[in-house]
Amino acid sequence: MLDLLNDLIWSKLLIVMLIGLGLFFTIASRFVQFRYFGSMFRIFSEAFQRQPGQLSSFQALMLSVAGRVGAGNIAGVSVAIMLGGPGAIFWMWVVALVGMATSYFECSLAQLYKRREADGGYRGGPAFYIQHGLGQRWLGIVVSILLLVTFGFGFNAVQSFTVASSLHDTFGIPTLASGIALTVVIGLIIFGGIKRIAKFADVLVPVMAFSYLGMALLVIGLNIAEVPATFALIFKSAFGLEPAFAGGIGAAIIMGVKRGLFSNEAGLGSAPNVAAVAEVKHPAAQGIVQSLSVFIDTLILCSCTALIILLSGVYQPGMEQAGVVLTQSAVAAVVGEWGRVFISLALLLFVFTTLIYNYYLGENALGFFSQKRGPVMIYRVLVVGLVLWGSVQDLGTVFAFADVTMGLLAIANLIALALLFKVGLRLMRDYDSQIKAGVDSPVFDAKQFADLDLDPSVWGAQASKPVADQAEIGDRVHQR
């Protein structure tokens with residue numbers, strides 16, 4: 001049944017929706033992800049800034065990267081290559097490039113429609129822009145349930161499976177033992193809250209990402225002469241021009257789209273939950289920043305894994321091997337057995353932050369339709385149980401379950417984004433006009449969006465000041 005659902009969702013619906021809508025968003029926004037590409041990197045100037053009581057834009061970026069960077073980058077890429085051939089990597093790139101525009105719009109809308117909590121923090125995401133932007137609370141509840149099941153249960157099972165199989169391959173640790181250890185650690189941490197998670201993420205994520213990037217550069221450097229031929233193999237395989245993969249273009253596209261979405265989550269509705277938490281001057285500014293996380297995840301880190309596998313000579317068409325084991329074997333073949341240990345430890349850190357991130361997304365979704373303590377406790381127990389369950393399952397079952405829930409969530413979120421596109425475009429044009437007028441850091445004026453259902457406690461300060469005072473407003477927001 002899982003296979004039938006996956007075939008319907010991925011080969012009939014999501015390929016058209018993800019690439020089609022992504023292209024539409026890209027063209028209609030005049031390639032917003034490329035126009036502001038240089039501006040995305042300004043966020044790193046916030047790396048050591050802290051805003052009392054709120055998350056900075058940089059922290060929100062690192063938190064979303066922490067969630068995206070995980071099993072998808074190491075095991076997901078391996079699965080894509082094994083089942084779709086090297087050409088699947090090309091289609092992962094395509095999904096990421098157009099997905100940067102999709103991510104821009106969903107995160108901008110999440111900022112626009114976010115709500116202030118009783119403790120002064122913010123909450124937002126797909127359910128909020130569906131309810132307050134479309135006026136459809138029932139659909140917001142459906143999306144929240146799908147988000148809870150996908151991330152709290154499905155994706156966490158994939159992450160625990162990946163790290164358990166990695167530790168078993170490298171150190172011979174039984175998968176059940178790894179699963180029990182993970183459940184204990186996650187159970188202790190999930191009571192800490194989003195701000196404690198962010199404190200770890202904005203330090204740990206850059207260290208993890210640069211360490212893995214360093215390993216990839218070492219492998220590439222040792223095989224530099226083969227790099228042009230490897231890229232040629234990827235491009236030829238993507239269009240069925242490579243004899244070894246002739247006729248496999250359909251599998252390459254499907255696996256590239258599947259694993260690309262699993263890895264970078266553009267359009268899936270996950271990143272908006274984190275993007276909404278940040279304190280920013282203009283909603284579009286956070287949309288621009290969040291586009292960068294898609295680029296980091298797929299165009300950089302997933303490409304690193306692909307090159308490691310294809311340059312090592314370990315991969316052979318038609319081979320069957322657990323996703324993470326293929327990556328570990330590829331690194332070990334180039335740098336020695338210590339590389340296998342490095343990948344296991346890197347994956348452990350990646351999965352650690354991703355499990356916590358996934359838990360937060362599920363709890364955030366649960367909070368949309370229930371504020372009672374009981375459902376939260378039940379959810380926590382189920383999360384711990386699914387982490388343990390995933391560690392002892394087989395690769396096919398775990399990924400099939402995650403693909404179904406992910407596909408349904410993506411369909412619902414993409415429909416909502418399409419219906420709210422005019423609002424997102426209006427928001428983008430407001431930001432563009434201020435940039436064109438010479439404003440370095442545009443500030444949102446809620447008076448110009450008085451027809452929308454916005455939270456006055458979030459954007460009231462901006463609405464009460466004329467646009468001419470944007471610099472002063474920006475300073476006060478930053479200080480707060």
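In the contact between helices α8 and α9, Ser160, Val163, Ala164, Ser165, Leu167 and His168 of α8 meet Thr175, Ser178 and Leu182 of α9 (contact means heavy atoms within 4.5 Å). By class, this contact has four nonpolar, five polar and no charged residues.

The model is predicted: local features need pLDDT of at least 70, side-chain atom pairs count only at pLDDT 80 or more, and totals for chains, interfaces and linings use all residues. Residues are numbered from 1 along each chain as its sequence is written, and side-chain values use heavy atoms, with hydrogens and water left out.

| Pair | Angle | Axis distance |
|---|---|---|
| α8 and α9 (residues 175–189) | roughly 130 degrees | within 8 Å |
| α8 (residues 137–171) and α16 (residues 338–369) | about 160 degrees | 8 Å |

The angle makes α8 roughly antiparallel to α16, whereas α8 is oblique to α9. Angles under 35 degrees count as roughly parallel, over 145 as roughly antiparallel, 65 to 115 as roughly perpendicular and the rest as oblique. The α8 and α16 contact has 20 nonpolar, twelve polar and three charged residues.

Elsewhere, Ser291 lies in helix α14 (residues 283–312). Ser291 counts as buried because its relative accessibility is 1% (buried means under 20% relative accessible area, exposed over 50%, partly exposed in between, with a 1.4 Å probe and protein chains only). Leaving out residues up to four places away in sequence, Ser291 touches Met40, Met100, Ser103 and Tyr104.

The protein has a mean pLDDT (the predictor's confidence in each residue, from 0 to 100) of 81, and 85% of its residues reach 70 or more. Over residues 462–480 the pLDDT is below 50. Where pLDDT is low, the predicted coordinates should not be read in detail.

Notes
Axes are lines fitted to C-alpha atoms, for helices over the stretch in contact, and angles run from 0 to 180 degrees between N-to-C directions. Helices (H or I, at least four residues) and strands (E, at least two) are DSSP runs, numbered from the N terminus. Ala, Val, Leu, Ile, Met, Phe, Trp, Tyr, Cys and Pro count as nonpolar, Asp, Glu, Lys and Arg as charged, and the others, Gly among them, as polar.
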